[in-house]
Each structure stands twice: as structure tokens, then as C-alpha cells.
Amino acid sequence: ADGIDLDLFLIPEKPVVLNGEQGYSRKSEASPLIASLYFSFTDLETAGTLDLDGAVFPVKGKSWFDREISSRGLAKDEAGWDWFALQLKDGREIMFYRIRKKDGSVDRYSSGTLVYRDGGYRRLSKDDFVLRTLRHYTSEHTGARYPSKWEITVPSEKLKLVVTPLLQDQEFTAADAIGNAYWEGTCRIEGTEQGRAYVEMTGY
């Protein structure tokens, strides 16, 4: 945007993560062709500057790089997805997504990846995590009703997390460009571990 300049230098602290089965991430029960090639760098040491109308601020922190190359859109019986990227203070990262069907059920190919402190990782199936919505809000811009607080449980990792948006109104409206609106934004993590999250929700 005019008057805003961001200049960052990013260094991977962990190796690349291949999500799904060696980077092949299936997205639908309807067909194995509804899928993506999907990789991530979940822990990037980040430093640089933020320039706001000539006022320059040094910035530093952690970043997450995600690249997903999809074969096609959702299946006809799918309504949208809820996608989470979690960076925990203990050095673990978690990516997972829930694909919602139009009948209210969850596609069995919903899945994720858990990355350990040493950079090793393992795939999470739909049954390895539980996502529960604790609160909703209705957008003043579009009238869409979005989840706005979640409880995430990963029993095998002894994790019970509460994820809350730092700012409720992080809806992206692009009716003129793509005829769509969705919610994506930064959140805080509390519970058995602390941290930050990025969440994307479509189809609401």
C-alpha cells in the first residue's frame, strides 16, 4: 500500500516439511485428483524494517512460509475449509485443516502435520486432532457468521489449546476481484502451551 514498505530477511531454522504423503496432500473423498503439492518452512528467523510513511521501525520475529499448488477446487459436496498454522513457544509447530462438507460432516481427508523441535515431523490424520468452536461472530461487512474462538486438542501430544483472534475483524473481502470473501488472520494460543497462530476460513 502507499506509504508502507516491509523489508525482511528470513532464514530457515528447520528443514522443509512435506505435508501429506511426501508432499501429496489429498483434499477429498470424491477423487484422488482433488489434491495439492504442499510444502512448508514452519520456522523462519525473521528480521528487517517496517517503513510507515517515512518512520522506519526495526522488526524481528518468527515467520512461516507455506506453498500449496492445487490440482483443482473443492469437490461439489464440499463447502469450505478451516486451516490452522500454530507456532508454539516450546518449539513445535502444527499445521492442520478441516474440510467441511455441505451436509455438515467433515471430509475424512482432513489432515495435518506436527513438526518437532529438532525439525522432524509426522502426519496427523483427521482422528489425531479435535477442533471445537467456542464462539462465533457475524461480519458487519458481509453478514457471514464465522467461528471466532477454538479449542484444539491433540491427545497424542498432550496438547489442549485455545486459539483466539488478536483482532476479530480480519475478514478479507474481494467481491470485485474474485467474487468471494473469507476470514484469515493472526491469533494467540493459550492452554497447555502458549504461542501464535494464523487461521484461514472459507465457505462461510
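Let me start with Phe-39, which is partly exposed at a relative accessible area of 27%, where partly exposed is the range between buried, under 20% relative accessible area, and exposed, over 50%, taken with a 1.4 Å probe on protein chains only. Please keep in mind that this is a predicted model, in which local features need pLDDT of at least 70 and side-chain atom pairs count only at pLDDT 80 or more, while totals for chains, interfaces and linings use all residues. Residues are numbered from 1 along each chain as its sequence is written, and side-chain values use heavy atoms, with hydrogens and water left out.

The structure holds nine aromatic pairs, a pair being rings of Phe, Tyr or Trp (its six-membered ring) with centres within 6.5 Å, called stacked if the planes are under 30 degrees apart, edge-to-face if over 60, and tilted for the rest. In one of them, the centres of Phe-39 and Phe-65 are 6.2 Å apart with planes at 35°, so this pair is tilted. Because Phe-39 belongs to strand E4 (residues 35-52) and Phe-65 to strand E5 (residues 55-70), the pair ties together parts 26 residues apart in sequence; strands here are DSSP runs of at least two residues, numbered from the N terminus. Phe-65 is also partly exposed, at 33%.

Turning to Phe-172 and Tyr-182, their ring centres lie 5.2 Å apart and their planes at 40°, so this pair is tilted. It links strand E13 (residues 171-174), which holds Phe-172, to strand E14 (residues 180-191), which holds Tyr-182. Phe-172 is partly exposed at 39% relative accessibility, whereas Tyr-182 is buried at 16%.

Finally, Phe-84, Phe-96, Phe-129, Trp-150 and Trp-183 form one aromatic cluster.

Key. Helix = DSSP H or I, 4+ residues; strand = E, 2+ residues; numbered from the N terminus.
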